[in-house]
Amino acid sequence: MKETRLNDNANIYQQRNENKSEKEKWKDMNRSERINYFKDYYLKKVLIGGILIVIIVSLCYTIWGPHTEPKLFIASVDLAMDSETCENVHKDLLDVFEVNHDNKDHSAIQIDSELYYAIESAYGTMATQKLLTYLMAGEIDLFIAPKDTFQFYAYKGYMAPLSEELPSQLFDSLTEHFYTLTPEDETSEQVYGIKLPGLNKYDSRNEPISEPVIGIIVNAPHKKNTLKGFTYFTDHYIE
C-alpha cells in the first residue's frame, strides 16, 4: 500500500511537471539540468538548422553571388609553353578579350600549364587524371601540346576537325601549317591541329621538344571565344 502511494505521488508530480510550460521548466532547473535538457531536446535541432542554413547560403552564393565568367580555358600540356611565354600569352589575351589588368577578373582567361608528362611517368599519372577531368567536364577550349602528346589525345577523339570549326578563309590560309591525322574509323586524313613553331622549342632543362600543335576540343564550352583565342595564336606564333 505504501509503495502504491509513492508511485501515485510520483505520477502526480510527473503530470504536474509535464503540464508546465517550457519557460517554467527552465526556471525550475539548475545549471547542470539546463545543459542536459538542452542537449536532449534542442542540440540536434540546432545543429540540423545550422547545417541547413550553411547549405542554403552556399547555394544562394553559387547561383546569385558575384562570379567571373570564364571566357577561355587553355590547356598547355607537356611544356608546350614555358612560364614566361604563358605569362605573356595571358596578358595578351586579357587585352584581346578586353579584360582590365588591374581588377580581379584575370581568371576570365585560364591557362593550365602544370600538365607535365601527360602520357607517362608517375607525375604524368596525376597530370593525366587532371587533364581527363577537364576534358570530361567540358572545361577546355584550346589544347596545345607537342606533336606526340597532341596525337595521343587526338586519336582518343578529343580534338575537333578544324575544317568544321574554322571559317573557310582562315582554314585555307593555314594550309602550310596543318597537322593531319587519320582517325581509326576514317579512311582519309583530317586536319586536327595547326603547328606553332614560334611558340616554344625547349623545355625547362633546355632540351628540344617536338613542335607545339594547337587544336580545338570537341566539346569546347566557349566556341565564339575559342575561335578568337585560336586566331591569336596563329597570328603570333607561326613563323
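**Exercise 1.** In this predicted model, how many residues of strand β6 (residues 212-216) are buried, and which lie on each side?

*Solution.* Start with the cut-off: a residue is buried when its relative accessible area is under 20%. By that test, 5 of the 5 residues of β6 are buried, and the strand is mostly covered. Next, recall that side chains in a regular strand alternate between the two faces of the sheet. Now sort the residues: P212, I214 and I216 sit on one side of β6, with V213 and G215 on the other. Both faces of β6 are therefore covered, given the cut-off of under 20%.

**Exercise 2.** Find the strands that pair with β6, and in which sense.

*Solution.* Take β3 (residues 142-146) to begin with: β3 and β6 pair in the antiparallel sense over 5 bridges. In one of these strand contacts, F143 has G215 of β6 as its bridge partner. Then turn to β5 (residues 190-195), which pairs with β6 in the antiparallel sense over 2 bridges. Here I194 has I214 of β6 as its bridge partner.

**Exercise 3.** Which residues of helix α7 (residues 147-155) are buried, and why do they line one face?

*Solution.* List the buried residues: T149, F150, Y153 and A154. Looking down the axis of α7, these buried residues fall within an arc of 135 degrees, so they line one face of the helix. Just past α7, look at G157, whose phi is positive, about 90 degrees.

**Exercise 4.** Describe the second largest pocket and its lining.

*Solution.* Its space comes to about 200 Å³. Of the 13 lining residues, A154, G157, P183, D185 and Y192 are the closest to the pocket's centre. Sorted by class, the lining holds 7 nonpolar, 2 polar and 4 charged residues.

Technical notes
Residues are numbered from 1 along each chain as its sequence is written. This is a predicted model: local features need pLDDT of at least 70, side-chain atom pairs count only at pLDDT 80 or more; totals for chains, interfaces and linings use all residues. Side-chain values use heavy atoms; hydrogens and water are left out. Buried means under 20% relative accessible area, exposed over 50%, partly exposed in between (1.4 Å probe, protein chains only). Helices (H or I, at least four residues) and strands (E, at least two) are DSSP runs, numbered from the N terminus. The arc is that of the directions from the helix axis to the C-beta atoms. Two strands pair if DSSP finds at least two bridges between them. On a 1 Å grid over the protein atoms alone, a cavity is a set of points where a 1.4 Å probe fits but cannot get out, and a pocket is an open set with protein on both sides within 12 Å along at least five of seven lines; lining residues have an atom within 4 Å of a point. Grid points are joined across faces, edges and corners, and a volume is the space filled by probe spheres set on the points. Ala, Val, Leu, Ile, Met, Phe, Trp, Tyr, Cys and Pro count as nonpolar, Asp, Glu, Lys and Arg as charged, and the others, Gly among them, as polar.
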